[in-house]
Amino acid sequence: MGNWKGWDHVKKSMSFTQGTKCWNGPARSAVVQMECGPEDEILSVAEPETCEYVLRLATPSVCTEADLPQRYGHEEL
């Protein structure tokens with residue numbers, strides 16, 4: 001996946017760079033895009049470019065008070 005690079009608070013994402021080098025390609029890197037969800041869950045994993053991964057992660061960690069009534073019943077969180 002790579003080494004921790006940092007947060008993008010606006011996009012709610014984490015970046016990782018300089019991972020294990022792919023055979024005949026670049027070093028692996030990843031972006032983890034987070035969205036509000038009732039539990040931690042990987043929603044999807046894609047490789048849009050060789051050895052560059054994009055993961056979508058649902059997590060209550062990025063939910064705001066504005067998200068909760070609209071997306072989930074109070075008892076779910």
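Guide: A disulfide joins Cys-22 to Cys-51, with an S to S distance of 1.5 Å. Please bear in mind that this is a predicted model.

Visitor: What is a disulfide, in general?
Guide: A disulfide is a covalent bond between the sulfur atoms of two cysteines.

Visitor: Is the disulfide of Cys-22 and Cys-51 left-handed or right-handed?
Guide: The torsion about the S-S bond of Cys-22 and Cys-51 is about -125°, so this disulfide is left-handed.

Visitor: Which parts does the pair of Cys-22 and Cys-51 tie together?
Guide: Cys-22 sits in the loop between strand 2 (13–17) and strand 3 (29–36), while Cys-51 sits in the loop between strand 4 (41–49) and strand 5 (52–59). The pair therefore ties together parts that are 29 residues apart in sequence.

Visitor: Are Cys-22 and Cys-51 buried or exposed?
Guide: Cys-22 is buried, and Cys-51 is buried as well.

Visitor: How many disulfides does the structure hold?
Guide: The structure holds two disulfides. Besides the link already described, one joins Cys-36 to Cys-63, with an S to S distance of 2.1 Å.

Visitor: Where do Cys-36 and Cys-63 lie?
Guide: Cys-36 belongs to strand 3, and Cys-63 to the loop between strand 5 and helix 1 (67–71), so this pair ties together parts that are 27 residues apart in sequence.

Visitor: And is the link of Cys-36 and Cys-63 left-handed or right-handed?
Guide: The link of Cys-36 and Cys-63 is right-handed, with 100° about the S-S bond.

Visitor: Why does Cys-36 count as buried?
Guide: Cys-36 has a relative accessibility of 4%, and buried means under 20%, so Cys-36 falls in that class.

Visitor: What is the pairing of the bonded cysteines, in sequence order?
Guide: When the bonded cysteines of the protein are numbered in sequence order, the pairing is 1-3, 2-4.

Visitor: Let us change topic. How many aromatic pairs are there?
Guide: A search of the whole structure finds two aromatic pairs. In one of them, the rings of Trp-4 and Trp-7 have centres 5.5 Å apart and planes at 75°, so the pair is edge-to-face.

Visitor: How accessible are Trp-4 and Trp-7?
Guide: Trp-4 is partly exposed, at 45% relative accessibility. Trp-7 is also partly exposed, with a relative accessible area of 48%.

Visitor: Which ring pair involves Phe-16?
Guide: The rings of Trp-4 and Phe-16 form a pair, with centres 5.6 Å apart and planes at 75°, so this pair is edge-to-face. Trp-4 lies in strand 1 (residues 3–8) and Phe-16 in strand 2, so the pair ties together parts that are twelve residues apart in sequence. Phe-16 itself counts as buried, at 14% relative accessibility.

Visitor: Which residues do the ring pairs link into a cluster?
Guide: Trp-4, Trp-7 and Phe-16 are linked into a cluster by ring pairs.

Visitor: What does Ser-29 touch?
Guide: Not counting residues up to four places away in sequence, Ser-29 touches Met-1, Phe-16, Thr-17, Cys-51, Glu-52 and Tyr-53. Ser-29 is in strand 3 and is buried, with a relative accessible area of 18%.

Visitor: Finally, where is Gly-19?
Guide: Gly-19 is in the loop between strand 2 and strand 3, and it is buried, with a relative accessible area of 17%. Leaving aside neighbours within four places in sequence, Gly-19 is in contact with Met-1, Gly-2, Ala-27 and Arg-28.

Definitions and conventions: Residues numbered from 1 in each chain as written. Predicted model: local features only at pLDDT ≥ 70, side-chain atom pairs only at ≥ 80, totals over all residues. Heavy atoms only, no water. Disulfide = S-S within 2.5 Å. Helix = DSSP H or I, 4+ residues; strand = E, 2+ residues; numbered from the N terminus. Buried < 20%, exposed > 50% of the residue type's maximum accessible area, 1.4 Å probe, protein only. Contact = heavy atoms within 4.5 Å. Phe/Tyr/Trp six-rings, centres within 6.5 Å; stacked < 30°, edge-to-face > 60°.
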